[in-house]
Amino acid sequence: MPESLIFDIKRYAINDGPGIRVVIFFKGCNLHCAWCHNPESISSKIEKMYAPAKCIKCGTCVEACPENAITLTSEGIITDPDLCKMCGKCADVCPTKAIEMSGKVMQVTEIMDIIEKERIFFDQSGGGVTFSGGEPLVHTKMLIRLLDECGKRGIHRAVDTAGNVSTEIILDVAKRTDLFLYDIKMMDSDLHRKWINSGNEKILHNLTVLAEAGKHIIIRIPLIGGVNDTDENIELTAKFISELAGEKKQVHLLPYHAIAENKYRKLGKSDDFEKLKEPDKETLERAIAKFGEYGILASVGG
Amino acid sequence: MFEKIKPHTITPERPATAEGNFYKPQQAKIGPGMNERIQKLRKLSFEAEPTLSIERALHETAFYKANYGKFSIPVLRALNFLDHCQKKTIYIGEGELIVGERGPKPKCVPTFPELTCHSVEDFHVLNTRDMQRYTISQQDIDIYEKEVIPYWEGKTQRERIFSHVPDEWKAAYEAGLFTEFMEQRAPGHTALDGKIYQKGMIDFKKEIAANLASLDYINDPGATDKSEQWKAMDISCDAVILFAERHAELAESLALTESDPKRVAELTKIAEVCRWVPAKAPRNLWEAIQMYWFVHLGTITELNGWDAMNPGHFDQHLAPFYTKEIAEGTLSRDEAKELISCFWIKVNNHPAPPKVGITARESGTYNDFTNINIGGLKGDGTDGTSEVSYIMLDVIEELHVLQPGNSVHISAKTPDKFLHAAAHVIRQGHGYPSVFNPDIYILELLRQGKSLQDAREGGCSGCIEVGAFGKEAYLLTGYLNVPKILEITLNNGINPVSGKMVGIQTGDPRNFKSYDELYDAFLKQLQFVVDQKMRVSNYIDRMFAKYAPAPFLSVVIEDCISKGKDYYDGGPRYNTSYIQCCGLGTITDSLAALKKHVFQDKSFSMDRVLNAVLKNFEGEELLRQTIINRTPFFGNDDDYADAIAVKVYDDLVDTIDGKPNIKPGGKYHLNMLSTTCHVYFGKVMGATPNGRLAGKSISDGTSPSHGADTHGPSAVVKSLTKIDHVKSGGTLLNQRFLPSLMRKEEDIRKLGHLIRSYFTLGGHHIQFNIVDTATLLAAQACPEDYKDLLVRMAGYSDYFNDMNADLQQEVIERTENDAF
């Protein structure tokens, strides 16, 4: 029985494909974008998240920890990463949910039961399920099982991917996917490597292949000020998309928002947010206009 | 993976200064679509301060002094009504097309001393209280003290009622276990069907005369009572005709001195309309609207029945006139819209009559709960939407006034186009229209015994309660504080707030071995409390039938004429008494917490939980947090909690539904409405086992407790539809939506899909507040800038700034659906 680490399931999702959807977030990603809004999605392991603001300093977790890894201070708790085995006992007993474990091992039937709860909304709205992450395609076996199961039950399937996998895998997934939400970050592979720890050749190639296979694709571009919002990158992106085979592609621009910082803090990670900026309105308008020049309908959000 | 990215271009919550949205008195020009006349009338209506008029009380007192004892009670009441219609000040405002006011001028409210006589102290409170003020001059207070109060002392309905209620009832009432509607105002809750668009008062008088002529005084033991009732009905028809004719006279005399020829023509037309209706059936849209308005004014002048009066499916009633005139070329869409706008403003001119006694201090709204039903189904089961429905949506969006309340009725047959148009108005964030499901409420009405046609012609009035329009007296008798019943169960019948015994002894819960034992004790207390409530409601019902009949209202409600019986005395075809059950979310979560933590997991003892609750969780934050964060609560599509909600709901139905009231064939039913009473009920309660602190409001309607629903609106919808709405006379779901969920055209469509989903699963009603917390906080900080920020309360809309701090806080705390 395949199982995967899931870090969130979101109901009444209205920005991840047509209709009212449920989004399944797989944990674990093979890219590491500096601006990732779900930093807990990157690691493929269970992680401990701690929100000091919710902590009432009751010390229940200190007592519950079998490894004696937790110390209570006046500012809240400190977990010794060397001692912590991520068993989650602290989260189980925390009365305020200041401690939560990100990542839950789930099986197909469990996930399908949750998806089924939303069926009425799919039926009424033409919605369905969106597999996201993390990178759902690295959970290949599980993803394919879920896609097949949804297919059998007549549920619309969208896959939200960065496409950084082998072409074989993506074509295998494509056979059982109704819609791809496909992320492109930037066209210059060196810059891509700098910001994302990986080049973009595979990503762009796979997108071309999917387009040639006639798949429905919506392109999503996270727009980060100071990173990929240059006229040059937007122009190259627009050109690339306009040359893809098949139906005309829609583009959703997702402007960077500094809300992720709090999440990084919860994970005990710090990141250099100074470099990242929210793109201004003019940049967004310019980008939309540029896509328009290439005959592409681009909109903000999605 | 970027689902949490905030959209860059959030449509901002409309700023206070935006034209057409938030009203600024200094901005004469407002609103796209509103013509100059409507802008002026709206401004006047908006700016008029609610005042009290003693005119009606003076007429009535003089009339009673001179005539009490000379006539049967129904005839006395009708003559009293006629007398007032003869003498009352007639008002025709500048630019008005639809005319008539209950008081001498807009927002001027008469008193009804025969029911509840305001004291001098009451007037001072009404004059000075922070919210919902009604001003009255010292001179008028002095006259009232001299002329009115002495006569009515000891003779009012309220005193008659309170001097006869049993002590058990008083104890339960004072504890806040339930409220009693009819101690302040007359039973009402009335909506009309289409008969007044086919028949005028002269036609009703003919029916009455035929009945009178056929009376068998020798063999019919009820002949005398019927005869008196019919005479009274006949007199009250004359009263309303006279009232209209006095408007015609005033219009004609105004026309004589008017210099603007356009206005002269309008005044001449007003006179023509007022001489035709309500005496005769209306011939065109203008007359149809004016017809309804005179009937409305008649019923709310005769008595001050709850929820004023309601035209019911007003778009359906007006549609034939509109269609005919459009075809004939005698009316344009804009003219129709103007007339409908005039009507809307008329309703807004009529704030609720203020209460007396302690509730004068507490009362939460000017809203008098006229609720226009738009869309829905026709009596033959076909779609009821028409161009008039869309005009009404335009009017709602442009005027955004407090009253009338309005609702859209979305059957499976209703076109998506209409739902989408309505969702656009919802998006504006004024808290309306609320959305109803005819496919379910028709089943509710059928289950209560209505015929198919009567059920289809029914709808929802007041807040969410269902009735057969024009054919039913469906009286709200009061709210039931269901969580408080659990509170006294946990204290063996004692009200922990006062220390007094208010229930029955069902045992110390510390000795209960199982959850079932606890639940059985709750059911016993429930039965006891409901019995108290019904006993006194029945008594009050009879008092109204005997001493305060409503002959004019009886004319327009089906079967009252043919039976020769009053609206309050079983005259209508159907007679329902509703008990409104509050706090399903709070009691469900409390029971879930006890079930899980005390009986199942045994993580806390009953003793510890009860002590923590009594101490308002002081020193027990760990326990409280554990309960809040580790209990399955109602509203998350979690069967653990939802099954408890279903059980409580079913047991409320079993306890209340189908019990006879005192009218022939009449029955009690329940609905799940709270209006603002959940705030009052929260105030009379200590902390509850769900972690709610003492004094905080309980959950409203059938909505989840504040903050308990953490899985988004679709999970709320799933939880809510596990209960069988058909067994109630209405449920209420408040869903707070932030603007970011309603950004794009597509999002608005998805809101429509959410509504369709809820209704497909059997939901009765849903309403949305589209505002963000920042806006509400800003409104609290600078009330002046948000003067007309309307938000949806439980079952109606109100101005945020007219709410007291508790109500404001509660709106802010309602779950925000942005963050899930």
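Student: With which handedness, left or right, does α12(B) pass α15(B)?
Tutor: This is a predicted model, in which local features need pLDDT of at least 70 and side-chain atom pairs count only at pLDDT 80 or more, while totals for chains, interfaces and linings use all residues. Residues are numbered from 1 along each chain as its sequence is written, with chains lettered from A and ligands numbered from 1 in the order in which they are written. A crossing is left-handed if the near helix is turned anticlockwise from the far one by less than a right angle, and right-handed if clockwise. By that convention, the crossing of α12(B) past α15(B) is right-handed.

Student: At what angle do helix α12 and helix α15 of chain B pack?
Tutor: Helices (H or I, at least four residues) and strands (E, at least two) are DSSP runs, numbered from the N terminus. Axes are lines fitted to C-alpha atoms, for helices over the stretch in contact, and angles run from 0 to 180 degrees between N-to-C directions. For residues 314–328 and residues 387–399 of chain B, the axes lie 8 Å apart and the angle is about 115°.

Student: Which residues of α15(B) make the contact with α12(B)?
Tutor: Two residues are in contact if their C-beta atoms, placed from the backbone, lie within 7 Å. From α12(B) come B:D315, B:L318, B:A319 and B:Y322, and from α15(B) come B:E387, B:V388, B:S389 and B:M392.

Student: How many residues of the contact of α9(A) with α11(A) are charged?
Tutor: Ala, Val, Leu, Ile, Met, Phe, Trp, Tyr, Cys and Pro count as nonpolar, Asp, Glu, Lys and Arg as charged, and the others, Gly among them, as polar. Here A:I234, A:E235 and A:A238 of α9(A) meet A:A287, A:K290, A:F291 and A:E293 of α11(A). By class there are 4 nonpolar residues, no polar ones, and a charged count of 3.

Student: Which strands stand at the edges of the open sheet in chain B?
Tutor: The sheet has 5 strands with mixed pairing, in the order β3-β4-β5-β14-β13, where two strands pair if DSSP finds at least two bridges between them. Each edge strand has a single partner, so one side of each is left without a neighbour in the sheet; these strands of chain B are β3 (371–375) and β13 (734–737).

Student: What is the bridge partner of B:F436 in β14(B)?
Tutor: Strand β5 (residues 434–436) and strand β14 (residues 765–770) of chain B run antiparallel and are joined by 2 bridges. In β14(B), the partner of B:F436 is B:H765.
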